[in-house]
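Subject: Structure handover

Hello,

Here is the structure we spoke about. Please open it alongside this note; my findings follow below.

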Amino acid sequence: MRETGRLQRLRATAVHATLGDPGALAAAVAALEFVQYDPIRRPGRAQDLILRHRVRGYREGGLERAYDRLGLDEGYLHVYGAMTPRLRALADPRGRPEFGYRPSGVAADVLALVDEVGVVHPREVAARLGDARVENLWGGTSTATTHALDELHRHWLVRVAGRRNGVKLYGPAAPVPEPADPARALARYLARLLMPVPVPTLRGALVQLRRRGGIDASAAVDALVASGELVVEEVAGCAWARPADAVVPDTPVPPRVRFLAPFDPVVWDRRRFETLWGWPYRFEAYTPAAARRFGYYALPLLTGDRAVGWVCCTVTDGGLAVDGRFAVRPEKGKAFRAGFDREAERLAATFGLSLRSATVT
């Protein structure tokens, strides 16, 4: 197979792996097992932008409303998001006694209060234990008790039990059994979620486990390759991994137009994106405005299995304006234009907005 044909097959695999026909929320979350969070709203948060493609009739805040019913946990896996208990068992192990963490001072008092009361709001904890302030990780200040809640959560000694008006509510964290080899288990999961995944990306995503639990990420990936659980192939100068038992449809990707979240599994890895689609998409929310090429919060523009550009969204007085740009040869057909307009309407409906304009140039 020629190189261009092999790349086309990899592009189709990347889309087929997690983007199928929309279904129920519970089924979509069970399939993904992890949904990345980001607080920026342009026009909505990452978790809503990710799930709207995978859940029939999805509306803003759907995951938050179903969080408790779905039995999810918030925290860091390779990045921050909501995850199943199975994945939580693969996450940061520092809360376990063998890694030496023992809450003391305010943190010990906060943990005792959570164990006694159950689910708490940070304000309630401050009212009970005092509202002294400390410097936080971002150079500002927060109450010592809120800082302690964050610390306990990072060590999985409390869990995010839900949110109230966007504020985390904390509760006791039930222990979850850790698998015998968490690095290999996480590597298998990420290889499926990000399939096909460049091997360097897979190693990099596991580095957090190496830092936090003394785990060698390279050894974990190498062991899976040696055992045959991961298949690796060289295409376009890159080593691509996928689970050996993964079943990928061999049918073409339907020519549907989609505006993806910057953190969608299809486009999450910038190395993979540039190799598969031939142009360097970047997330520029934290780039100085004068240096931006794509805009503050550019959503990759997908048609079928091709990422052809990006869109930027503006919300004013309840109305949504969608401005699209092509990074490669412009799509000029009527079918693409109709698909673009339908996707703009779907995006507006997800966030309860009226569509004011949808342009693409």
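Start at Leu-63. Beyond its neighbours within four places in sequence, Leu-63 is in contact with Val-29, Val-35, Tyr-37, Gln-47, Leu-51, Tyr-58, Leu-70, Leu-72 and Ala-82 (contact means heavy atoms within 4.5 Å).

Before going on, the ground rules. This is a predicted model, where local features need pLDDT of at least 70, side-chain atom pairs count only at pLDDT 80 or more, and totals for chains, interfaces and linings use all residues. Residues are numbered from 1 along each chain as its sequence is written, and side-chain values use heavy atoms, with hydrogens and water left out.

**Core**

The largest nonpolar core has 108 residues. Such a core is a set of buried Ala, Val, Leu, Ile, Met, Phe, Trp, Tyr and Cys residues joined through side-chain atoms within 4.5 Å. Buried means under 20% relative accessible area, exposed over 50%, and partly exposed in between (1.4 Å probe, protein chains only). Leu-63, Phe-259, Trp-277, Val-322 and Phe-340 touch the most other members. Helix H9 (residues 182-193) gives the largest share of this core, seven residues. Helices (H or I, at least four residues) and strands (E, at least two) are DSSP runs, numbered from the N terminus.

**Sheet**

Five strands form an open sheet in the order E11-E12-E13-E14-E15, with mixed pairing. Two strands pair if DSSP finds at least two bridges between them. E11 (257-259) and E15 (354-360) are the edge strands; each has a single partner strand, so one side of each lacks a neighbour in the sheet. From one strand to the next, the twist averages 25°. Helix H13 (residues 334-350) packs on the sheet and touches E11, E12, E13, E14 and E15. The direction of H13 makes about 145° with that of E15. Axes are lines fitted to C-alpha atoms, for helices over the stretch in contact; angles run from 0 to 180 degrees between N-to-C directions. E12 (residues 299-303) and E13 pair in the antiparallel sense over five bridges. Thr-303 stands opposite Arg-306 in E13.

**Backbone points to check**

- Arg-42 and Pro-43 are joined by a cis peptide bond, omega about 5°. Pro-43 is in the loop between E1 (34-36) and H3 (46-51).
- Met-195 and Pro-196 are joined by a cis peptide bond, omega about -10°. Pro-196 is in the loop between H9 and E8 (197-198).
- Asp-317 is not a glycine, yet its phi is positive, about 50°. Asp-317 sits in the loop between E13 (306-316) and E14 (319-326). Asp-317 is exposed, at 73% relative accessible area.

Best wishes
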